[in-house]
Amino acid sequence: MPIGTSPTSRASLAAASSAHAACTLAVEVERQSIIVEGTARTLTDDKARGRFNELYLAKYEFDMSGWTDPVYMVTPRVAFGYIDQPGKFEATATRWTFTA
């Protein structure tokens, strides 16, 4: 899972200080959340950053080829998902684990 961010963002500072990263993605429209924990590494080679740009362009129709800020590849270890509504958390909370 590639993530691009500013070098001064909390995510970037956390990734620089530790090999472990926690990323949170919240879909606020329906109050669905997923939390992904894993290992982050900086994408430094041109081939990997080029692939990131291809995927980003295909999904968001925005060219990131000039992006110079860090891009991290997060390899997930565990993920949690749930719906944040009264009475739904208990019925929807799910945990996934990933192996290398």
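Is Phe52 buried or exposed in this predicted model, and what is its relative accessibility? Phe52 counts as buried, because its relative accessibility is 7%. Buried means under 20% relative accessible area, exposed means over 50%, and partly exposed lies in between, with a 1.4 Å probe and protein chains only.

The model is predicted, so local features need pLDDT of at least 70 and side-chain atom pairs count only at pLDDT 80 or more, while totals for chains, interfaces and linings use all residues. Residues are numbered from 1 along each chain as its sequence is written, and side-chain values use heavy atoms, with hydrogens and water left out.

Helices (H or I, at least four residues) and strands (E, at least two) are DSSP runs, numbered from the N terminus. Phe52 and Tyr56 both belong to helix H2 (residues 46-60), where they are 4 residues apart, about one turn of the helix. Tyr56 and Tyr60 are also 4 residues apart in helix H2, which means a separation of about one helical turn.

Rings of Phe, Tyr and Trp (its six-membered ring) pair if their centres lie within 6.5 Å; planes under 30 degrees apart count as stacked, over 60 as edge-to-face and the rest as tilted. This rule gives a count of 3 aromatic pairs. Two of them are listed here.

| Pair | Distance between ring centres | Angle between planes | Class |
|---|---|---|---|
| Phe52 and Tyr56 | 5.7 Å | 45° | tilted |
| Tyr56 and Tyr60 | 4.6 Å | 45° | tilted |

Phe52, Tyr56 and Tyr60 make up one aromatic cluster. Within it, Phe52 is buried at 7% relative accessibility. Tyr56 counts as partly exposed because its relative accessibility is 26%, and Tyr60 is partly exposed with a relative accessible area of 48%.

Two strands pair if DSSP finds at least two bridges between them. Strand E4 (residues 71-83) pairs with E3 in the antiparallel sense over 11 bridges. In this pairing, Gln32 stands opposite Ile83 in E4. E4 also pairs with strand E5 (residues 94-97), in the antiparallel sense and over 4 bridges. Trp96 in E5 is the bridge partner of Ala79.

Val36 is found in strand E3 (residues 32-42). Its relative accessibility is 11%, so Val36 counts as buried. The C-alpha atoms of Val36 and Thr75 are separated by 9.3 Å, and the two residues are 39 residues apart along the chain. In a regular strand the side chains alternate between the two faces of the sheet.
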